[in-house]
Amino acid sequence: MTTQPTQERLTQILAAPVISEKSTYVADKFNQVIFEVIPNATKPEVKAAVELMFQKQGIKVTGVQTINQRGKTKRFGRTIGRRDNIKKAYVS
C-alpha cells in the first residue's frame with residue numbers, strides 16, 4: 001500500500017539542478033538531467049516531482065536513477081572536516 005506524496009512534499013524533493021561538465025555531457029549524450037534531491041527521496045517521488053515542476057512544458061519522465069554520493073574529506077587550515085553526503089537523481 002503506497003500512499004501518494006503530498007504536493008508540499010513534492011515541491012521539497014528537488015533541491016537543485018547539478019550544473020557541471022559531466023551533467024552537460026550526460027544531457028547531450030543520454031538525454032538525462034541531473035538533480036540534487038533530499039536524502040530520503042524515492043524514485044517514484046522524484047518522477048512525480050519533476051513532472052509536477054515541468055508540467056507546463058509537458059515533460060514525461062521515462063526513468064530515474066539515483067546515487068548516494070559520499071562527502072569529500074577536506075582540510076580547513078589545521079582541522080580536517082567533511083562535506084555533507086548528497087543524493088543525486090539522473091532523470092530521463
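Biologist: Which residues does Phe35 touch, not counting residues up to four places away in sequence?
Modeller: The model is predicted, and in it Phe35 is found in strand S2. The count leaves out residues up to four places away in sequence. With those set aside, the residues that Phe35 touches are Leu14, Ala16, Pro17, Val18, Val50, Phe54, Lys87, Lys88, Ala89 and Val91.

Biologist: Is Phe35 buried or exposed?
Modeller: A residue counts as buried when its relative accessible area is under 20%. The relative accessible area of Phe35 is 9%. Phe35 is therefore buried.

Biologist: How many aromatic pairs does a search of the whole structure find, and how are the rings of Phe35 and Phe54 arranged?
Modeller: The search of the whole structure finds two aromatic pairs. In one of them, the rings of Tyr25 and Phe30 have centres 6.5 Å apart and planes at 85°, so that pair is edge-to-face. For Phe35 and Phe54, the ring centres are 6.4 Å apart and the planes stand at 40°.

Biologist: How many residues apart in sequence are the parts that the pair of Phe35 and Phe54 ties together?
Modeller: Phe35 lies in strand S2, residues 33-37. Phe54, which counts as partly exposed at 31% relative accessibility, lies in the loop between helix H3 (43-53) and strand S3 (64-69). The pair therefore ties together parts whose separation in sequence is 19 residues.

Biologist: What relative accessible area does Phe30 have?
Modeller: Phe30 forms its edge-to-face pair with Tyr25. Tyr25 is partly exposed, with a relative accessible area of 47%. Phe30 is also partly exposed, and its relative accessible area is 48%.

Biologist: Which element gives the largest share of the largest nonpolar core?
Modeller: This core has 14 residues, of which Ile13, Leu14, Val37, Val46, Val50 and Val91 touch the most other members. Two or more residues come from each of helix H1 (7-13), S2, H3 and strand S6 (86-91). In soluble globular proteins, nonpolar side chains tend to be buried together. Here the largest share of the core is four residues, and the element that gives it is H3.

Biologist: Which residues does Val37 touch, not counting residues up to four places away in sequence?
Modeller: Val37 is among the core residues that touch the most other members. Leaving out residues up to four places away in sequence, Val37 touches Ile13, Leu14, Ala15, Val46, Lys87 and Ala89.

Biologist: Which side chain of opposite charge is nearest to Lys88?
Modeller: Lys88 has its place in strand S6, and the residue is buried. A salt bridge would need a side-chain nitrogen of Lys or Arg within 4 Å of a carboxyl oxygen of Asp or Glu. Lys88 has no salt bridge, for at 7.7 Å away the nearest side chain of opposite charge is Glu36.

Biologist: Which side chain does a polar contact of 3.2 Å join to that of Lys88?
Modeller: Lys88 touches several residues beyond four places away in sequence, including Ile34, Phe35, Gln65 and Thr66. Its polar contact of 3.2 Å is with the side chain of Gln69.

Biologist: Which pattern does the protein chain follow when read along the sequence?
Modeller: The secondary structure comes to three helices and six strands. Buried residues make up 26% of the 92 residues in the chain. Read along the sequence, the pattern is α-β-α-β-α-β-β-β-β.

Key
Residues are numbered from 1 along each chain as its sequence is written. This is a predicted model: local features need pLDDT of at least 70, side-chain atom pairs count only at pLDDT 80 or more; totals for chains, interfaces and linings use all residues. Side-chain values use heavy atoms; hydrogens and water are left out. Rings of Phe, Tyr and Trp (its six-membered ring) pair if their centres lie within 6.5 Å; planes under 30 degrees apart count as stacked, over 60 as edge-to-face and the rest as tilted. Buried means under 20% relative accessible area, exposed over 50%, partly exposed in between (1.4 Å probe, protein chains only). A nonpolar core is a set of buried Ala, Val, Leu, Ile, Met, Phe, Trp, Tyr and Cys residues joined through side-chain atoms within 4.5 Å. Contact means heavy atoms within 4.5 Å. Lys and Arg count as positive and Asp and Glu as negative; His and the chain ends are not counted. A polar contact is a pair of N or O atoms within 3.5 Å; within protein, one must be able to donate a hydrogen and the other to accept it, and residues adjacent in sequence count only if both atoms are side-chain atoms.
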